[in-house]
Amino acid sequence: MKRRHFLLAGIGACAICAGRAGAAPRDPLPPSLLERDRLPLLKNLAGRLRRLRQLVGYARFNLIDLDHARQLARGYPKVGDFTADELALLEHFFHADPVPWGFRGPRVGDDLAQRIDDAEVRKIRGSGHYLYRGAAERLFNCLQRDVGEELRLTSGVRNHLKQAQLFCDRLLAADGDYAATVRWVAPPGHSYHAAGDFDVGVAGLGGANFTAAFLDTDAAQRIARLEYAVLRYPADNPWGVAHEPWHIQVS
Ligand SMILES: [Zn+2]
């Protein structure tokens with residue numbers, strides 16, 4: 001049996017052992033909530049991913065693949081090796097069907113251990129982010145030319161582990177509520193950042209670039225007038241994702 005299937009089988013067994021023998025069975029949990037007894041495991045996984053990000057650096061963490069991450073985690077006690085349960089939870093987030101969570105977007109990758117070669121990407125100066133060479137890089141350059149120098153790359157290529165870290169942090173902050181999480185952060189394996197999409201913002205706006213405040217900027221209004229700039233998640237999109245006027249579709 002492949003490791004992935006073995007681990008998933010373990011997850012299934014955990015999920016159904018809700019009541020003790022002889023005790024009244026609990027009401028089934030809504031599928032949009034993580035089981036309460038797995039919150040500590042989620043917290044451990046999120047913490048390990050954040051420590052790993054600190055070890056490799058914010059920019060490089062966007063690209064890291066699972067095998068390299070596991071090697072580093074094993075080699076650096078301040079990160080510590082992933083436990084089997086943490087890996088199983090990671091696999092679960094990647095392979096589970098997210099429709100019951102409220103996310104209806106397509107799957108974007110099917111290999112959690114996907115590697116990204118340095119030759120495929122270019123680091124964008126001053127951003128801490130990377131873009132795939134070719135279409136994504138050309139599109140960003142056109143946007144910067146047409147919108148203005150104040151346009152910034154706020155997120156570019158994100159391999160599945162980086163997406164998993166964002167997903168875990170958001171799910172933890174939402175106390176295990178998948179539905180609240182997937183409005184804003186796609187599950188790993190379903191983010192177009194792994195395939196080339198990128199986010200833009202304006203200099204000086206910081207984290208507010210990822211809020212409705214971005215809509216009030218001149219840059220957002222100029223982007224809306226550019227025919228070639230297509231938003232991946234427009235308002236009222238059918239995939240259950242919030243309106244993201246900063247997320248540019250590549251392809
Ligand atoms: Zn995005």
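Predicted model: local features only at pLDDT ≥ 70, side-chain atom pairs only at ≥ 80, totals over all residues.
Visitor: How many bridges link β3 and β4?

Guide: Four bridges, in the antiparallel sense, join β3 to strand β4 (residues 198-202). If you'd like a spot to look at, find R152: its bridge partner in β4 is G201.

Visitor: And how many bridges are there between β4 and β5?

Guide: Two bridges, again antiparallel. Look for F198, which stands opposite I248 in β5.

Visitor: Is β4 enclosed or open to the outside?

Guide: For burial, you count neighbours: a residue is called buried if 20 or more other C-beta atoms lie within 10 Å of its own. In β4, five of the five residues pass that test, so the strand is largely enclosed by the rest of the structure. Both of its faces are covered: F198, V200 and V202 are buried on one side, and D199 and G201 on the other. As for the protein as a whole, 35% of its 251 residues count as buried.

Visitor: What about two helices meeting each other: at what angle do α2 and α7 cross?

Guide: With a helix pair, look at how close the axes come and how they're angled. The axes of α2 (residues 39-56) and α7 (residues 160-173) come within 9 Å and cross at roughly 135 degrees. That angle makes α2 oblique to α7. The crossing is left-handed, too.

Visitor: Which residues of α2 and α7 meet there?

Guide: On the α2 side, you'll find L42, K43, L45, A46, L49, R50 and R53. Their counterparts in α7 are A164, Q165, C168, D169, L171 and L172. Sorted by class, the contact has eight nonpolar, one polar and four charged residues.

Visitor: Now the loops. Where is W239, and what does it touch?

Guide: W239 is in the loop between α9 (218-225) and β5. Leaving out residues up to four places away, W239 touches F103, R104 and G105. The C-alpha atoms of W239 and R104 are separated by 4.4 Å, although these residues are 135 apart along the chain. W239 is partly exposed, with 15 other C-beta atoms within 10 Å.

Visitor: Where is R115, and how far is its C-alpha atom from that of H160?

Guide: R115 belongs to the loop between α5 (84-95) and β1 (121-124). Its C-alpha atom is 9.4 Å from that of H160, a residue 45 places away along the chain. R115 is partly exposed, having 13 other C-beta atoms within 10 Å.

Visitor: Stepping back, how many helices and strands does the protein have?

Guide: Nine helices and five strands. Following the sequence, the pattern reads α-α-α-α-α-β-β-α-β-α-α-β-α-β. Here's one more thing to look at: of the contacts between residues at least 6 apart in sequence, 73% join residues at least 24 apart.

Methods
Residues numbered from 1 in each chain as written. Axes fitted to C-alpha atoms, helices over the stretch in contact; angles between N-to-C directions. Parallel < 35°, antiparallel > 145°, perpendicular 65-115°, else oblique. Left-handed = near helix turned anticlockwise from the far one by under 90°. Contact = placed C-beta atoms within 7 Å. Nonpolar A, V, L, I, M, F, W, Y, C, P; charged D, E, K, R; others polar. Pairing = 2+ DSSP bridges. Buried ≥ 20, exposed ≤ 12 C-beta atoms within 10 Å, placed from the backbone.
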